[in-house]
Amino acid sequence: MSTVVPAVPEPAARAAQSPFARIASDFVANPVAVFGLVLLALIVAAAVFAPLISPQNPYDLAQLDVMDSKLPPGSKSPNGGTFWLGTDDQGRDMLSAIFYGLRISLMVGAASTVLALLVGLTMGLTAAYLGGRIETLIMRIVDIQLSFPAILIALILIAVLGQGTGKVIAALVTIQWAYYARTVRSAALVEKRKEYMEAARCLALSPARIVFRHLLPNCLPPMIVVATVQVAAAIALEATLSFLGLGLPITEPSLGLLIANGYQYLLSGKYWISFFPGVALLATIVSINLVADQLRDVLNPRLSR
Amino acid sequence: MQSVVVLFVMSLLVFVGVYAIGNPIDILINPQADQIDRERAIAALGLDKPLWEQYLVFLKGALTGDLGRSFVHATPALGLILTRMPATMELAIAAMLIAVVLGIPLGLWAGLKPNGVAGRTIMAGSILGFSLPTFWVGLMLIMVFSVMLGWLPSNGRGPTMLLFGLVPVSFLSWEGLSHLVLPATNLALFKLALLIRLTRAGTRESLLQDYVKFARAKGLSNARVIGVHVLRNIMIPIVTVIGLEFGSVIAFAIVTESVFAWPGMGKLLIDSINLLDRPVIVAYLLVIVTLFIVINLVVDVLYSALDPRVRLAEAKG
């Protein structure tokens, strides 16, 4: 970034800061990114505290009344409350359903990202560190996989694995590990030639120690950026699969399923059943993308455009 | 050669995987049917044989262009997919056209005036285009243009006409065209955002190059500098991406087709997965993998035709 922001300390002072403090101060320099971060924090908080802040428990059938079904936003509920975002076909409060749906969408997104990150890191580092035939094999698989669109691979996997939360996560991991493997390998290949790696080898440290204590930490910045983008991609993909009726089970509706649920009522003008879960999904994806965009600039000046 | 291996491995993986799930008999046969009827049906579908034998039968058929018969429709799976293909192709081509016709000029504009209001608005719009989930945008398009305004139909293909007396297409009649508008726009949005970003980045880069400065120093008009010098140089990556993205448009058509009930191959795939119509699933995947391999090949050829550097390097080597 060429523009000088007064809030950022001078180079001499910056060196004394811890890397985390420097990253944090660079991050807040962009108000749009801060907005994204705040929005994301609110969304995560809504998901985590869903049972506390939701007006009703959308899974508890005893709290639902079919008489309340398909009420427009702002309608009064019989027990004195208000359905701020309306109700769905089973008389479920949409606001509560969205909070609980967010929970599931975020959980699936986060779980698949963490697992894919672990698999991708291991494969990528193995490829870069060992080289030779193993590297060729791993990278060939990555290349082939990345030449097909994610949605297609996801559908194949779901067709093969069947449906269910665990299987959707498995499918997302299978799709996403390739992105991490490719990123970490290219980062590791650059780092491998640096002097500190040579020094570590001269000290006769064990390969595991070299890879995990020396190589890995230096490959992390680009990985964090890719991981942030991929969380958003995972959430969007899960929503798409659920919308197509091939994702999560209907008993615990994620945002995608809520949207699919409202599809049939859309044509009769009852827009809110699909519209608001979609807004929640959109806000989640946009906020993550905004944070990722800024992280990219902060963590790696070479990548910034 | 590699592509043949990929095709073979895919067929094996998908075949084994698809055949490992569920039991299509449960869905296809009337639950009241007695044991003898069940067994007759199982034998008729070839499901009584061991898996490896089923695969060999399939492979033998595949080499002669026979990818098995659909359990549900009782017609050849390949034929079923091929009859649905024109609808998907029409949708994909229409979407790509929208993306190219709008994306390149908008990207060029944003690249020429990166700090102007219009440039910033275009970029913000493209970020939104990346973030919006396709299926939800589809629903919103239906909500606004079909339900609220009532301008455009929300589902189906409308009447089709034969193009060259062979291929049924929608775009030749007003009615068909009106059915095409919403799904094609929906499918185009993501690619539109991508093309805008790509064109903008290319434009900004090439504006700083010496040949642009030289062209300006020669006193050429602005239109000529941009139209000939800038545009021609950014066309190479753009054409590559358009080609490669065409495959992904066909894949993403699965979602759009489901939203707009567009009778293409993607909708067929979703229906087949739900009905466990194994031969159709396997055939669809093999068709689409073949399609991808062909597209990649065509892009490679186009690339060397467009980029003199690649052409010269090949001539030398």
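User: Is B:Lys267 buried or exposed, or does it fall in between?

Analyst: Buried means under 20% relative accessible area, exposed over 50%, and partly exposed in between (1.4 Å probe, protein chains only). In this predicted model, B:Lys267 is partly exposed, with a relative accessible area of 22%. The structure is a prediction in which local features need pLDDT of at least 70 and side-chain atom pairs count only at pLDDT 80 or more, while totals for chains, interfaces and linings use all residues. Residues are numbered from 1 along each chain as its sequence is written, chains are lettered from A and ligands numbered from 1 in the order in which they are written, and side-chain values use heavy atoms, leaving out hydrogens and water.

User: With which side chain does B:Lys267 meet in a salt bridge?

Analyst: A salt bridge is a side-chain nitrogen of Lys or Arg within 4 Å of a carboxyl oxygen of Asp or Glu. Here B:Lys267 meets B:Asp271 at 3.5 Å, N to O. Both belong to helix H11 (residues 265–275) of chain B, and because they are four residues apart, about one helical turn separates them. B:Asp271 is partly exposed, at 30% relative accessibility. Helices (H or I, at least four residues) and strands (E, at least two) are DSSP runs, numbered from the N terminus.

User: How many salt bridges does a search of the whole structure find, over all chains?

Analyst: The search finds five. One of them joins the side chains of A:Asp143 and A:Arg182 at 2.5 Å, N to O. A:Asp143 lies in helix H6 of chain A and A:Arg182 in helix H8 (residues 165–192) of chain A, so this pair ties together parts that are 39 residues apart in sequence. A:Asp143 is partly exposed at 37%, and A:Arg182 is partly exposed at 38%. A salt bridge also links A:Lys194 and A:Glu191 (3.4 Å, N to O); A:Lys194 is partly exposed at 37%, whereas A:Glu191 is buried at 11%.

User: What is the count of salt bridges between chain A and chain B?

Analyst: That count is zero. A contact means heavy atoms within 4.5 Å, and 37 residues of chain A are in contact with 39 residues of chain B. Buried area is the accessible area (1.4 Å probe) that two parts lose on being put together, summed over both. Between chain A and chain B it is about 3200 Å², with carbon and sulfur atoms giving 82%.

User: Which helices of chain A each supply at least two residues of the side that touches chain B?

Analyst: They are H6 (132–146), H7 (150–161), H10 (207–243), H11 (255–266) and H12 (272–299) of chain A. The largest share, nine residues, comes from H12(A).

User: How is a pair of aromatic rings described?

Analyst: The description uses the distance of the centres and the angle of the planes. Rings of Phe, Tyr and Trp (its six-membered ring) pair if their centres lie within 6.5 Å; planes under 30 degrees apart count as stacked, over 60 as edge-to-face and the rest as tilted. By this rule there are five aromatic pairs over all chains. Among them, A:Phe275 and A:Phe276 are edge-to-face, 5.2 Å centre to centre with 75° between the planes. A:Phe275 is partly exposed at 25%, while A:Phe276 is buried at 19%. The rings of A:Phe275 and B:Trp136 have centres 5.9 Å apart and planes at 35°, so this pair is tilted. The pair crosses between chains, from helix H12 of chain A to helix H7 (residues 134–148) of chain B. B:Trp136 is buried at 5%.
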